[in-house]
Each structure stands twice: as C-alpha cells, then as structure tokens.
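Student: Could you walk me through this model while I have it open on the screen? I would like to go piece by piece and ask as we go.

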Amino acid sequence: MSERKPSLRAGGSAQSRFQVDVVTEGSSAAAPAQAPAPEESKGRFKVVGFMDPGLGPAADIGPPPDVFHEPDTAKSDSVSLHSTGTGQTHISDSHSNTYYMRTFGHNTIDAVPNIEFYRQTAAPFGEKLTRPSLSELHDELDKEPFEDGLVNGEEPSAAEEAAALMAKEAKGGAVKFGWVKGVLVRCMLNIWGVMLFIRMSWIVGQAGIGLTIAIILIATLVTTITGLSTSAITTNGFVRGGGAYYLISRSLGPEFGGSIGLIFAFANAVAVAMYVVGFAETVVEMLSDVDALMTDELNDIRIVGTLTVILLLGISVAGMEWEAKAQIVLLIILLAAIANYFLGTFIPVDNKEPKGFFGYHTAILFENFGPDFREEETFFSVFAIFFPAATGILAGANISGDLADPQSAIPKGTLLAILVTGLTYVAVAVSAGSCIVRDATGDHNDTVSDTVNCTDAACTLGYDFSICKEGGCQYGLMNDFQVMSLVSYFGPLITAGIFSATLSSALASLVSAPKVFQALCKDNIYPGLGIFAKGYGKNNEPLRGYVLTFCIGLAFILIAELNIIAPIISNFFLASYALINFSVFHASLANSPGWRPSFKYYNMWVSLAGSVLCCVVMFVINWWAALVTLLIILALYIYVGYKKPDVNWGSSTQALIYNQALTHCLNLSSVEDHVKNFRPQCLVLAGYPNSRPALLQLVHSFTKNVSLMVCGHVRTVSRRPNFKDLSQDYVRCRRWLIKKRIKAFYSPVFADNLRHGTQLLLQAVGLGRLKPNTLVMGFKNNWSDGNMRDVENYINTIHDAFDLQFGVVILRLMDGLDISHIPGQDELLSPSEKPPKESKDVLTSVGPAKDSDSDSCPSKTHSNQSSPLIIRATETKSSLSLTDQRLLESSQMFKKKQGKGTIDVWWLFDDGGLTLLIPYLLTNRSKWGDCRIRVFIGGKINRIDHDRRAMATLLSRFRIDFSDINVLGDINVKPKKHNKLSFKELIEPYRLKEDDMEQEAAERLKAQEPWRITDNELELYKAKTSRQIRLNELLKEHSSSAKLIVVSMPLARKGTVSSALYMCWLETLSKDLPPLLLVRGNHQSVLTFYS
C-alpha cells in the first residue's frame, strides 16, 4: 500500500504493533514470514474487525455456547461467524485468500467500522474501544511519538472475547427482563386497576353503553398516542434507566426533564399510598362485615396500610427478580377474576334476578345503551372518574434500565397492553350493560302485577323496580359498586382480583418511583439529591430511593384521606404524557439528523394533538389541580433553567434553536442594512479571555442582549502551529466565558503576527449579517519599551480595520489591562485540570512579563510552547507588587456598579455617531444607570451659545438624554510649553533625523525602519500634534473626575504619517486620565432621527 513506510526496527521487534503474515496462495503449509511493520502502527488503539462477534451488535448476545476456533488457519483479527449446518458455529478466518484481503484494516492504526466505537459506556468484556483520532492518523510521525500499544499477538481473538463474555454471564450478571415480563405484564397490571371491578358498572349505569365506550375510546386514544410517541423516542437510540424522566430529558433537555422527573417520581410515591389505602379499605370493609374491627375503621385502614406497604417494600428490596415473580402471581389472580366475571355473565341464577342480574337480554342492552346521568353527574365528570384507570402505560418504561432490549420491549409491550386492556374495558362495559339493570330492590316479591303500568326492561323479565325511581334501592348498576361480585361465578375471586389490582399497582409504583428518582439524581439536576443516586447489588438497586418512597407512601397512608391529592397525582401523570407527546413533535419539528427512530408508526401532528388532548383532559379531570400541576412544573423549569446544569444530551431544543438561528440568519442576509437597526458588533482583541477582563466587561456592558461580541485571539507562531492545543484552549475559553456569563463568542487564529491574525479575523469572523463592524483593542501601554516592529503592526492593524470599513475603539486604563503575568490566574482550567491543593505550583499565562494590552498574543519567543495557554511557575511567598495590586483592582472596575458620575463624550469629529451611540448604550445598563452623559464639542469662541443650541437640538432629535453640553472655544490655543517639551522628548528616539545623514543612508534606514519620524512629517503635522497636546490639557481640566471618557480618535493618513508619530499622538492624547475610550466610526451614519 502506498501509505506504508519501511520500519526503522527489525520486523520481529516487540515495538511493532502489527505482524503482517505473507501467505503464498496454494501453499497452506508455508511458514508465514514477517514483513516489516509500518511506522504508523505505533498507536494506542485496538484494531477490531468489522463484525467482531465478541463485541458489537450482537454485542449484547455473544456467540452461541458451542463456538470453537479452527486452529489450522493462520490467525487474523478479522473473523466471521458461520453455521456449518451441524448445529455448531465456527469462528473462521475470513481473510486468508490473499495478502491484501488478509491485512485490510490491520496493517495500519486506521480502524474499520465497529459498533464499539459508538458506545458511550465500556465494552462488554472490559476496556472501551475508541477509534484513532484524526491527529493520530494525520500528524507527522516525528512531531509527537505515539504511545506504545499492544502488539498484534496481544490482542484477544474473537474466541477469547466470546469466552470472556460468556464467563462474565456465567458468574451472574444483572437480571434483565424481556418485553412480556418486563413491560406487558406490568402495564396490564397497572392499567387494570381497582376501577375495573368497583366503578366500571357505575360508569355504565350513568353514561350508558354508548357513551361509556366513547369514554373508553377517548382515554385509549390518549394513551395510544402517548404509547406511539414513547415507542418513537425509545427506538431513537439506546435507552437507559429513568423511564419518563429519561425520555423527556434526553429529548427536550434538562429543564423539562428535571421538572417532570421530580413530580413524576413524587406522583408514583404517593400513588403507592393511594393503591394501598384502596386495598386497606376493602380489607377493613370485610372485617367490618364480620364485626372483626381492631379499633375503628380509620385507624384500621392505617394499620392494614402500614403492614401492606412494609410487605411490598420487602418484596421490592429483595430484588427485581422477586418483584417480577410477585407481579406474575398477581396477574394470574387478576386474569382469573376477569375470567370469573365473564363466566358468571353466562350463568344466570334465579336468586340474583331481584338484585338486577338477568343474564344477556336485548331489552336490557337497549335500555342501558343511552345515558341516565344522576346526582348532577355529567359526561365530563364521569370521564374524569374513569380516566385514571387508563393510566399506567409507563410502568414498563419506568424500569427501562432493567430491560434486556428496551428499544424493542417498550413499544411492543406498551402498545399491546393498551390494546388488551382497552378491549377488556369495552367488553366489561358491554357485558355489564347487557345483563344488569340500572336499579333493583333485591326483593323477591317485587314482581310485575297486572295493575301496574310498567315499561322498563325489568318488567319484560317479570320484575317491577319502579319504586327505585323514588330512591333508596341498593342494587343494580347505579347503586351497587360490588355488582361484579354478584355477577361472577365465584364471588370471593372478584375480591381477590381487587386485592391483586391494588397490590400490583402499588408494587409497580413502589418500584417505578425510586428508579426514576435514581436516574434524576445521577444526572445531578438538583444539587443535594446525589445521595439517592447510589445503587446496590448486581441490579444497581436504589435502596435509598426505596426507603424514601416508603416514607412518602407511609406518610400519606397515615393521612388516609387522599381525595384531595388524588386529582393532582392524575394530573402529574398526564403532564408526563403531554411532554412525551410534545417531545416527539418537537424532535420532528427540529428536523435534526439525529432524530431517526426505527419505530415508524408515528406522526408529529398526531403527537402534538395527543399533547393538547392530555392538557385538555387535565382540566376536565380537575381544573384547579391542573393549574397547580402547571405552576409546579413552571417553577421547577425556571429553577433548573436558572441553575443551568452542566449536561449536554443533544436535545431537540438545541436542534430547534440551531434551525431557527440558521433560518433567521439567512433571512437577515436577504435584507439590506438600515441605520435604524445598526448595532455595534464588536470584534474584541482580548487574547485569552481571562487576561484582559476589564476590556471584555466594558464591551459586554454595551453589547449584552443588544449585539454581537466576538473575542478574537491572535496566537503568533514561529514554527508549526499546534492545532490540537488550539481546540483544547477553545473549550477552556468558552467555558470561562459561560462561567462569567459573558455573552460572547471566542475565535482564535494562528498567525505570524498581530496584524496578519487580525486581518484574518476581520475578514473571516461572522456569518451573514452577524458579522463584526467594530474593532475593539486595548491601548498598547508598553509600546515605548518593546520592539517597534510590534508598534508598526499595531498601527497597521488600525489602518487595516479602516480599510475594511470597520469602526475602531481603543480602551486605555491608567494601570493597563493585561493581568496574565500575575500568578494565580488559572480560571480557564476545569477542576480536574487544576493542580492539587498541596502543590506549590501556580498557573500563569505565557505572555510577556509586562502588559502588551492590544497585542493579544504572546510574543514569538514563547510561541513554540506546546500550549501557550498556561505554564507552571513557581509560587513565591512574597505578596504582589503595588503595581500588580493596582492592576488587579482596575481589571475589575467595570464589573461592579458604577456610582453617580458622568460619562464625558468628547465628540470632536463626526464619525457617523458611533462616539455618541456607545455611551448611550452604556447608560441603558443598570451598572451605568446612575451616570449622566456630558457632551463636549469644539467651537468658535464667538459662537458658543449657537453651537450649544445646535448640538442640543441634534441630541434631542436623536432622543439621547444628556446632562450638559460644553462648547470648547479654546481648542486651538497653543499648548503649555512643558507639555510641548514632553512630547519632543517622547518622539526623540524615533526620529529619522535625515538632515544629519546622507540622503541614501536616510532612505535606506527609512526602508528598514518605516516607523521613523521624518523632519518633514513633523513640520507638516505640527498643528495636529499641538491639538493632541492641547486636548490632553483640556481633558485633564474638564474630565479628570469622569467615570469614563469617550473621545474621538484622531486619524492618521496611511502612508504619510509614520506609526511612531501616530502612536505618540495617541499616547499624548490619552495619558494620565481616567478610563478612556478612543472611538472612531467608519463615517457611515449609525444614528438617525427619522422614524
């Protein structure tokens, strides 16, 4: 292969990872000769075959137990499983025909596709396999030697991997359930609640057969849509434990997931109490019938309930296997009770007729088909009573972590359970309405007499129950909740069915609540709940969660009055259903490539309709409970959103935000800019974000929630750029910006110098209309102490910005901006990257010891470090110098609230309005809200009042508040003599002094050092130089106490004014002053007074 290089070592060296066997076709007995190993085979990655049977897909299955390896062929890492037709499966060499096929994927660290590379957890038999990184494959070999990895002979073969997997399973792993035992049984037991036996007949009596079927179908429609949505989510990737919480949080994000997970776990915990109290009431009623009460009815309910929940806790703690066995027993009892009822409907007994049961008769069917609402009941009130019986469809999903194949089990088990239970409810409704009359007296003597005009169905069957119209009857569909016991073939079996229904539902809720709560706590959504994340045993049982659920359930059992809490619990479940449906709609709407569920029988609009239907049902059941539910979810949502947990699950919310951002960005690009919509979109040359916090904080003050801010970072390199470090630093810097709540982007580039890097940023940063239009820099405080080539690059950077029609803003603080040289500035590091506390090392930036504020990158002498972000420096016990202390204090000056004061705007030249717009935006912020704008303009001494009125008119039309306007008529007065002498001393080292040398030598020196100031240049710009000196005098006179000075930045004509002279102008204008912004727009209007 062309990419192979000769090895520098002998072929048999242990340093070589791969042994390439040369096999001669037709000679199977030939001894394999070792070919030289390729140099790039030195890597740390295991190379696996495309369908490695010990891993992978069948990942969770493994090869059959009768697998054996054929020893007569040369070993290859890539093997295949095939059946011999004899019941045995052979692992054979699939690449033994030719040299190239045998070695494909195994003579390089480049790996063939394998499922293990896509897992987020460890491989079944040990360490997680990872594909080689792009750097491992692409970087030059002499750049960074790879770690020594396993040689080919040390990699386990497929047979060894299979044996390891089977050995692990033989030792006894976690108990996993299939779709029947894990989902179908649980869902049916939860849906077939006590409602089936003691309320179904009453609902038929009130609503009639027709409307009862409608009620069942509506409830089933809601649960079916939710089941389809659940199926879609569960088949869109691997599902872990956590049930509804896991599904919602991974789809909609931690805000929705965290809020619904907490109330869903709580609802399941309280549901335990509801079901146990229902069971206890039935037991106490039976005790009362035989006069065997222990104390009174209420306390007996508490005693029986407490003993019951302790028993259920014992079953749960014993493990999921025991709990599953208990569920099977309860299902058998429940099925026997249902079968017992239907059997009884076909065996009419004469002594049951006075109580309203006559067997199947069309007259009873027709009479009971229509509604007969009594006692102020309505369709909606009856629906509200029935609907909780249809819930419980998430019982299987709630233990998703204990299912062998959740992606297959949850859809099959949930949908089949909805179908079976829905048909059962319809069958019970039709049978009860067809063989039992609404009212009966229970008296054998109430037969039809000739004197009474009777038209009821009972009359046709020989009984007259017309007296029941006056009330007082105890039998029939409307009056006897135990009518199913009357109808059944063996009455006590119905009681056993009631016990089974309540206990199975209670057991399912007792298991679901801790599982969901454990998943929630593992994600650390709510700080302080992490103690409940710990699991025990091979099944990772949440024993602490069981105890918590037990305590909550016991507390509500002791209350024993659940009529108020019951509607809220039902609404909690419905809220979960609504969000599951909404998750599918949202994921489909976001159109993310990652949304590709294998379950195809769903529709985004049907899911949205299901979500709306769930919300409607919430208000139908109980409007105040629905409001309470929504308020609780909203409060939890706001809390989680405020806390911003550090998780990234690739939610559909992120996908939709991306879609919307892309759409809006494209829409913006199709419209021309308008002055009314101008925003100062800033490219800030800040270097590492934590090195110049004052610069970032000030710019963030006027861009936050208003416009774009990009932290540009030019990293100078003298040799090869280290792009790996660049990507690592990018993550750290983004993390720092997020931690400091600075709404900005970070954009680093490698370049030869500051100017080149800034050119790249000015041209490339941004997208469409979201593109910077203003360059913000720090003033180069140490310019006179450094290399003048850096000054040349600095000044040329300003020229480049103007060439590209950017505005320019330069911030100068008296003490400087750059704090990267001060020890202890390690905030860019994550906790795991910080040195141990006992270490005496501190982390510092690699920048020069002195501040070079605008030069946002380390100097070239430091650029060949592997990572210029940080180095270790020995901590000195001596405290910081006074200069550094002042620098640290001033670096935080824009972070705190500015008190009462002024922002002095020296709007000397009209640059389009940027000099005025930035102070206005600052005063809109709370930190600067107490500051007032003072405007200073130049004018003639004899027109001061006129100029002041003209400026006041302009500002009022711009709708910009100001406290004062000062017209300076003495700008052109000659500056003081000592200031002129100071300027002369400042420029002296940079003068060319061409009059003192030959013309040829002067030209040569000017070409070599273009920053040199010529005598001609000084004379030509004498007036402008005097103006800068004079302006500094005026600034000190009028604005020495201002919180911030914003002054028009002088311009220098490119190619005419040397960089040293321009730098001296800026130095002279801005020295010894409060925080000062030099601002110059691009001379395009950014303010308008037109509507």
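**A walk through the model**

Tutor: Let me begin with helix H32 (residues 1022-1038), which has 17 residues and reaches 24 Å from its first C-alpha to its last, close to the 24 Å expected at 1.5 Å a residue. The expected span is 1.5 Å times one less than the number of residues in the helix, and helices (H or I, at least four residues) and strands (E, at least two) are DSSP runs numbered from the N terminus. This is a predicted model, in which local features need pLDDT of at least 70 and side-chain atom pairs count only at pLDDT 80 or more, while totals for chains, interfaces and linings use all residues. Residues are numbered from 1 along each chain as its sequence is written, and side-chain values use heavy atoms, with hydrogens and water left out.

Student: Which residues of H32 are buried?

Tutor: They are Thr1025, Gln1028, Ile1029, Arg1030, Leu1031, Asn1032, Glu1033, Leu1034 and Leu1035. Buried means under 20% relative accessible area, exposed means over 50%, and partly exposed lies in between (1.4 Å probe, protein chains only).

Student: Zooming out, how many helices and strands does the protein chain have?

Tutor: The protein chain has 33 helices and 17 strands, and buried residues make up 51% of its 1091 residues. Of the contacts with a separation of 6 or more, 80% are between residues 24 or more positions apart.

Student: Which residues have the most contacts inside the largest nonpolar core?

Tutor: Those are Phe197, Phe386 and Tyr425, in a core of 137 residues. Helix H8 (residues 254-289) gives the most to this core, with 15 residues. A nonpolar core is a set of buried Ala, Val, Leu, Ile, Met, Phe, Trp, Tyr and Cys residues joined through side-chain atoms within 4.5 Å.

Student: What does Tyr425 touch?

Tutor: Not counting residues up to four places away in sequence, Tyr425 touches Ile191, Trp192, Gly193, Leu196, Met200, Ile216, Phe386 and Ala389.

Student: Switching to cysteines, which ones are joined by a disulfide?

Tutor: Cys468 is joined to Cys473, with an S to S distance of 1.8 Å, and the count comes to one disulfide when a disulfide is taken as a pair of cysteine sulfur atoms within 2.5 Å. The link is left-handed, with -95° about the S-S bond.

Student: Are those two buried or exposed?

Tutor: Cys468 counts as buried because its relative accessibility is 7%, and Cys473 counts as buried because its value is 14%. Cys187 is also buried, at 0%, as is Cys1064, at 0%.

Student: Now H18, please; how many of its residues are buried?

Tutor: Helix H18 is mostly covered, since 24 of its 26 residues are buried. H18 reaches 37 Å from its first C-alpha to its last, close to the 38 Å expected at 1.5 Å a residue. Just after H18, Asn591 takes a positive phi of about 55°.

Student: At what angle do H18 and H21 pack?

Tutor: Helix H18 (residues 565-590) and helix H21 (residues 652-669) pack at an angle of about 35°, with their axes 8 Å apart. Axes are lines fitted to C-alpha atoms, for helices over the stretch in contact, and angles run from 0 to 180 degrees between N-to-C directions. At this meeting, His586, Ala587, Leu589 and Ala590 in H18 face Ser652, Thr653, Ala655, Leu656 and Asn659 in H21 as contacts.

Student: Last topic, where does Glu376 lie?

Tutor: Glu376 lies in the loop between helix H11 (362-369) and helix H12 (379-386). Glu376 has a positive phi of about 65° although it is not a glycine, and it counts as exposed because its relative accessibility is 81%. Most residues other than glycine have a negative phi.

Conventions. Contact = heavy atoms within 4.5 Å.
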